[in-house]
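These are my notebook entries on a structure that I am reading for the reader who comes to it new. I set down what I looked up, topic by topic.

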Amino acid sequence: MVARVVSPAETKSPERQAREDLAACHRLVERFGWTELIYNHATARVPGKPGHMLVKPDRILYQQVNASNLLECDLDGNLPPGSPVINRTVPVIHGAIYKARPDVNAILHTHTPAGMAVSSMECGLLPLNQTAMQFHNRIGYHEFMGVAENFDECTHIVKALSTHGALVLRNHGLLTVGSSISQAFVRLFYLERCCESQVMLMTAAANNNTAIRMPDPKVVEETAKLWDKDTMQREWPAYVTLLDREEPDFRD
Ligand SMILES: [Zn+2]
């Protein structure tokens, strides 16, 4: 494919930029292997319209998402007449969070094997390494209440997430939020990686009858405070450049 050349003088509306970023995010979620068929969801608040969000049509693949085919709905999931359908759990999970957290502009949710595994561990996510320490006392846990199609669940999701940037949906999967699409994406990268690492470690330790060494709690908290300062914006441009070279139609 030929990379699309973007003139420095080309100006985009904030909504157009959000559409391109969210389309890029879908392509990257697919590249990292975090999709579950057509399901799960990545959404973004529409810039200038805090009561509206962008979401992919339910029945297309993540690699088919582009800036133009993302749908705009309100936070209760209402779409313009004649629109394709969206996943029924989007307004319950994402709509509730956008209503409760004005600082949140993007939300990602996955059902990866490692994420589902850790979501079902009584211990939850452990601060086993310096990457995982960013989530120490900074991640919520939401009990499984059935498939999230009932708006009664919204208050429980919001309460569990609290002011955190990440949420474990028990016996279900993972969720991250961010002030930007890039922050939610990078945070999900680290959360997925930590879950994979924890599953690998626990399996290896059990198979080899080896104890797991936990770090000093004081050092864990100090390390978490360092992570708190990371806005997670640096990585995104490099990946967008990769997409511009290898699958530029995400901007269509
Ligand atoms: Zn889910």
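**Entry 1: Helix 7**

I began with alanine 238, which I located in helix 7. The model is a predicted one. Is alanine 238 buried or exposed? I found a relative accessible area of 53% for alanine 238; the cut-off for exposed is over 50%, so this residue counts as exposed. I then looked up a distance: the C-alpha atoms of alanine 238 and glutamine 17 are separated by 16 Å, while the two residues are 221 residues apart along the chain.

Next I asked which residues of helix 7 are buried. I noted Trp236, Val240, Leu242, Leu243 and Asp244. Among the elements that cover these buried residues are helix 1 and helix 5.

**Entry 2: The nonpolar cores**

I turned to the largest nonpolar core, which holds 43 residues. The members that touch the most other members are Leu108, Leu125, Phe135, Phe185, Leu191 and Trp236. I listed the elements that each supply at least two residues of this core: helix 1 (14–31), strand 1 (41–46), strand 4 (106–110), helix 3 (113–119), strand 6 (166–169), helix 5 (181–207) and helix 7 (236–246). Which element gives the largest share? I recorded helix 5, with 9 residues.

I then examined phenylalanine 185 and left aside residues up to four places away in sequence. Its contacts are Cys25, Leu28, Val29, Phe32, Trp34, Leu108 and Trp236. I also recorded a second, separate core of 23 residues, which includes Cys73, Leu75, Val92 and Leu169. As background, I noted that nonpolar side chains tend to be buried together in soluble globular proteins.

**Entry 3: The zinc ion**

Which protein atoms are the donors of the zinc ion? I found the NE2 atoms of His109, His111 and His172, lying 2.0 Å from the ion. Along the chain, the donors follow the spacing H-x1-H-x60-H. I placed histidine 109 in strand 4 and histidine 172 in the loop between strand 6 and strand 7 (173–178); the pair therefore ties together parts that are 63 residues apart in sequence.

I checked the accessibility of both residues. Histidine 109 has a relative accessible area of 3% and is buried. Histidine 172 has a value of 16%; the cut-off for buried is under 20%, so histidine 172 is buried as well.

**Entry 4: Two asparagines with positive phi**

For asparagine 40, phi is near 70°. Asparagine 40 sits in the loop between helix 1 and strand 1, and its relative accessibility of 5% makes it buried.

For asparagine 171, phi is near 55°. I located asparagine 171 in the loop between strand 6 and strand 7.

Last, I asked which residues make a nonpolar surface patch of about 220 Å². I wrote down Leu201, Ile212 and Met214. Isoleucine 212 belongs to the loop between helix 5 and helix 6 (217–228). I noted a relative accessible area of 32% for isoleucine 212, which is partly exposed.

Notes. Residues numbered from 1 in each chain as written. Predicted model: local features only at pLDDT ≥ 70, side-chain atom pairs only at ≥ 80, totals over all residues. Heavy atoms only, no water. Core = buried A, V, L, I, M, F, W, Y, C linked by side-chain atoms within 4.5 Å. Buried < 20%, exposed > 50% of the residue type's maximum accessible area, 1.4 Å probe, protein only. Helix = DSSP H or I, 4+ residues; strand = E, 2+ residues; numbered from the N terminus. Contact = heavy atoms within 4.5 Å. Donors = N, O, S within 2.8 Å, 3.2 Å for Na, K, Ca; no water. Patch = residues over 30% accessible without salt bridge, like charges linked within 9 Å, V, L, I, M, F, W, Y side chains within 5 Å. Areas by Shrake-Rupley, 256 points an atom, 1.4 Å probe, with all protein chains shown as cover. Salt bridge = Lys/Arg side-chain N within 4 Å of Asp/Glu carboxyl O.
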